[in-house]
Amino acid sequence: MKNKYIFGGAIIVLFLGLMGYLFTQSNIKYESNFSNVMNTDKTVKATGSWVKDKNYQINKASRTFSFYMADENGNQMKVVYDGTIPNNFETAKSVVVTGQYKDGYFHARDILTKCPSKYEGDKAKTSGL
Amino acid sequence: MAGSIVLSVALAFSLIAMTMYFLSYRGYKNTLNYGRIAYHSMAVLVIVAATILWYVLLTHQYQYHYVYSYSQNSLKTGFLIASFWGGQEGSFMLWLLLTSIVGIFLQSYTSKRGDLELRVMTVFTLATTFLLIMVSPLFKNPFAYIWTEPIFIPVKSITAGFLNLPWMQSFVFSDGSSGQSFIKMSTELYAKLSAAGISVNQFIADGKGLNPQLLNFWMQIHPPILFTGFSMSTVPFSFAVAAMMKNDYKDWVRQSFPWVLAGAGILGLGIMLGGYWAYEMLGWGGYWAWDPVENSSLIPWLVGVASVHTLLVQRKTQGKGGIGKYAKTNLILCIMTYILVLYSTFLTRSGVLGDASVHSFVDPGMLVYLFLVIFIGTFLVLGFGMLIYRWKSLNEAVASDENILSRDLALFTAAIVLTASAIIVFVGTSAPLIGQSQDKTFYNQLNLPIAIIIGLLNGLSLLLKWKQTNGQDLLRKSIPSLTISFLFTLSLIIFGGMREIMYILLAFSASFTIVVNVDIAIKIIRGNMKMLGAYVAHIGISLFILGVIGSNAYSQETDMDLIKNQPKEAFGYKLTFTGYHPVENNTKYAFNIQVEKGEKKYTVSPVMYISDFNNGLMREPAILNLMTKDIYVSPLGYDDQSQDQAAEGLDVKLNVGQKTNVEGARIEYTEFVKPDMSVMMSGGDFKMGTNLTVTKDGKTYNVEPILKKTGRDFIYVPVEIAEANIKIQLKKIDPSSQTADFIVGKIKGETATSKTPKEVLTVAASIKPFISLVWSGILIMVAGFFVAVSRRLRESLIKSS
C-alpha cells in the first residue's frame, strides 16, 4: 500500500518536473518595449503597431514580407516575415510578431493581426468637419 | 425593450425555482410544484427572449446595438440566424438558451428518479441564475439600445437623406488617417432624432456585419454544438453536488453516467468542427494551433473523458455493496469539468488573453471581469466546499484487492493520463495570465508521450480482467494483437518512410488499440450490440491519432508561382492556373487551378476578395479530397503585372506648395483637389487628387492626377504630357495632411520595352496524407459515445439494491 503512494508520488514529481522544464524552455515572453526586443537573442512576442508611413514590401523572389513596427514609445524596428501579407494586415489595429531580433531586423515566424472592428470605441478621432 | 423585460422576468423565475427546489430539499411540502412551474416558466421565457433576438436580427432592427454590430442587410438568412452568436452578448444568450433547454430534459429525467430532482435542480438553477444575470442589462445584454453608449457609425451606414439636417453637422466626425466620416450616436443624438420624429431604425440603414472569417458554413453549426457541450457539463456538476447534499455516493454514478457520456460526445464533436472550420477557412493548412480559445474547450473535454473512465470503475466496484472505488476522484472530476468550462469562458471573454489569441475578443470591462470571477468562485467554493465538508464520509474503506494487472487500475491510470494532458494544456493556456506564452512545441512534446501511453494502456486494459489477471495469461492473449500492430508499423517504416522514433511508437500504440478493439468489437457484434460503445470510441480516437501522424508529420508544402496556362509539377501532380472568374454576385474571385495526375483531372478554385468589412484582402483555400490524402491549395497573391507597367518610374513625395526636379522637369504641387465631402460621406463615387504645374523646356503644363472611386474600385488615373514625354500617376494620397506620393516616368521608352503582361497566381500547395482519418476518427469516436449513452441510459433507470 505504501509502495503505491511512493510510486505515484514519484511519477507526479517527474511529470511536474518535466512540464516545468519544458515550460521554461518553450516559453515566449510578450514584449511591448522594442529596445528590450533588440537587446535579447531570445524568441519573443513583440507587440506594437505597423508604421503606415513606411508602407510594407512584398518581396516575391525571396518570398518575404517586411514592414516597420513601432512600440508604444515610438521605437521602430524592421520586421521580416517568411511568407506573404497576412489577412487583415492593412486594417490591423495592432500587430503581434513572434520571432527574434538579429542582424538588424526582427525575424518573424508568426504574425497575428488584431482587427480594429472590435475596438470601435476609439476608432474615430474627434476632428469635426 | 421587450427582450430585456422578458430576460429580467426569467431571472426572477430562475431565483424562485432555485428557492423552491431548495426548500423542497430541506423538507418543505408543497414547494416542489412551484419550483417546477418556475423552472418551466423561466425556460419558456428564455426561449421567447431568444426568439425576440432572432426576430430583431432578421428584421434588421439596428436600434439594437447588437444587431448593428453583428449583422447587415446583405447577410443571407442562414448567417443572419447565426449572427445570433456573432458577439459576446449573443454567445452568452446561446449558452443560456441551450442550458435552459438541457434543464427541461434534466428535470424530466430526474423527476423519474426518486428525490434526485430536488437536489439536482437546486444546483442547476443556480447556474441558470448566473447566466441570466450575465445577459441582464447590468452586463452583456443583447437587447441594449445603440445610443446608450456613444458609438461611431460610418456615414455610409446612415440613411442618406438625414445627413442634410442642419443640426446633424455637430454629430459628424472624421478620422484623419482613413479619411472616413462617422456619426457619433449618443443619447444627445437620440434626443434630437426623437424630437424630429425620426426613429433610430430609420436613421441607421445598415449594420456592420459579421467578420468575413465568420461567414463560413460552419458558423451556423459549430457554436451551437460547442455550447450544447458546455451546457451539458452543468449536469455532472449538479449530480456531484446533489450526491454530496444527500451524502449518498452510490446512485449518482449510474444516474449521471449517460449525461457525462453525451456531454463528452457533443463537446468532442463541437471541438472537431471548430478544427475543421479552421482547416477549411484559415488557409494555413492545419486544424489545431493550440490557440488559447481552442485549448480552453479541450481542457474540460479531457477532464470529462477522464471522469468517464473512473465513473465506470466506481460503478463496477459497487457490485459488492459500498460506494465503490474512486468516489472522491469522480466527484472532483465532475466538479472540475464544469469549473473548467467556466474558466474557459473567463479566459476567452474577460480580455485577459489580449494579444495571445487569434480570436481577438474585446475587453468587456472591469464589471464583467469581476462577475466572471464571482461566477467561477461561487461554483468552485460550492463544489470543493461540499467536498471538504463530506470528505470524512467519503473515506469508506474499499477492499484493497488491487493488483497491478487489473482493469480497474488500468482505467484509473487512463484517467490520470488524460488529466495530465489536461494539466499540460491548462498550464500552457493560462501562461498569458502571467505575461508568458507557450510555443506549440510545449504541447506537442508533452502530449506525444501521453498519446503513446493512452494507446498502449487502452489496448492492454481491454485484455485485462476486472479484478486481476495472470501475467502469463495476459502475455498469451496480447501476442496476436501485438504481432499485427508490429507488422503494420513495420510496413509504415519500410513503405511509408517513417523514421522518427516517437511517431513510430505512436503509430504502434494506436494500431495496437485498433487491433484489440476491432477484435473485441467483432465478438460483440455477434452478441450484444449495445456493448459496442467503448470499443467504437477507442477505434475512433486511434484512427484519429493515425490521421494526425499522417497529416502532420508527412505533409509536404511548397510555395509556387503559377503562370497562366503554364503547368507546374508538385508532389507528382501537374498544376495549371487557367484563369479566374467572379463568384457570389461579383463579390469574390475564384481562381481555377487544374490538378492532373495521369488520366485523372480535377479543378480546385481557391478564392480571394477584398472584404467590405475591413477593406482587407481575404483568402480562402481550396481543398481537393482524394480519399487517402487532401491536396490543399491556399492562395497567396495574384498579379497580372498591369500595375507594374503603369507604375514604372521614380517615386516622388510632395506636400502642397513643394516642388521637385524629376526627369528633366520641374513639378510643383500647387493645390489639393478636394473630394466632394457630402458624396464621399454617403459612400458614393468621388475623386480627389492634386493640381500640378509641370515645367519642361520652358513650357508650363497644368495637370491633375487623381484618385477616382467608382463603385467598389479605387483607380489612380494617370496623366500624360506627350510633348514633354512625361507621365505622372498618384500612388498614395492622404486627405488630412494632403501629402501625395507620385510615380513620375517617361511615356516613350517605356512602351518600347513593355513586357507582355503575364498573369501569375501565387499559391501555397500542400499535401496532407490521411487527413480524412482525423475527421472520421472523431466522428466514429462520437458515435461510440452515443452507443454507450443508449446502454447507460437503460441502466440508469434500474433501481440499485
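Of the 801 residues in chain B, 46% count as buried, where buried takes 20 or more other C-beta atoms within 10 Å of a residue's own, exposed takes 12 or fewer, and partly exposed is in between, with C-beta atoms placed from the backbone. This is a predicted model, so local features need pLDDT of at least 70 and side-chain atom pairs count only at pLDDT 80 or more, while totals for chains, interfaces and linings use all residues. Residues are numbered from 1 along each chain as its sequence is written, and chains are lettered from A and ligands numbered from 1 in the order in which they are written.

**Chain B overall**
- You'll find 23 helices and 24 strands in chain B; these are DSSP runs numbered from the N terminus, with helices being H or I of at least four residues and strands being E of at least two.
- The C-alpha trace of chain B spans about 110 × 75 × 45 Å along its principal axes.
- Among contacts in chain B with a separation of 6 or more, 69% come from residues 24 or more positions apart; a contact here is two residues whose C-beta atoms, placed from the backbone, lie within 7 Å.

**A four-stranded sheet**
- Four strands of chain B make an open sheet in the order 14-23-22-21, with antiparallel pairing; strands pair if DSSP finds at least two bridges between them.
- At the edges sit strand 14 (650–654) and strand 21 (719–721) of chain B, each pairing on one side only.
- From one strand to the next, the twist averages 25°, with axes as lines fitted to C-alpha atoms and angles running from 0 to 180 degrees between N-to-C directions.
- Strand 21 of chain B pairs with strand 22 (residues 726–733) of chain B in the antiparallel sense, over three bridges.
- B:Val719 has B:Ile728 in strand 22 of chain B as its bridge partner.

- B:Trp290 isn't a glycine, yet its phi is positive at about 55°.
- Look for B:Trp290 in the loop between helix 11 (251–281) and helix 12 (292–317) of chain B; B:Trp290 counts as partly exposed because it has 18 C-beta neighbours inside 10 Å.
- B:Phe770, also a residue other than glycine, has a positive phi near 55°.
- The loop between strand 24 (760–769) and helix 23 (772–797) of chain B holds B:Phe770, which counts as buried because it has 20 C-beta neighbours inside 10 Å.

**Around B:Gln72**
- B:Gln72 sits in the loop between helix 3 (65–70) and helix 4 (77–82) of chain B, and it counts as buried because of its 21 C-beta neighbours inside 10 Å.
- Leaving out residues up to four places away in sequence, B:Gln72 touches B:Asp206, B:Gly207, B:Lys208 and B:Gly209.
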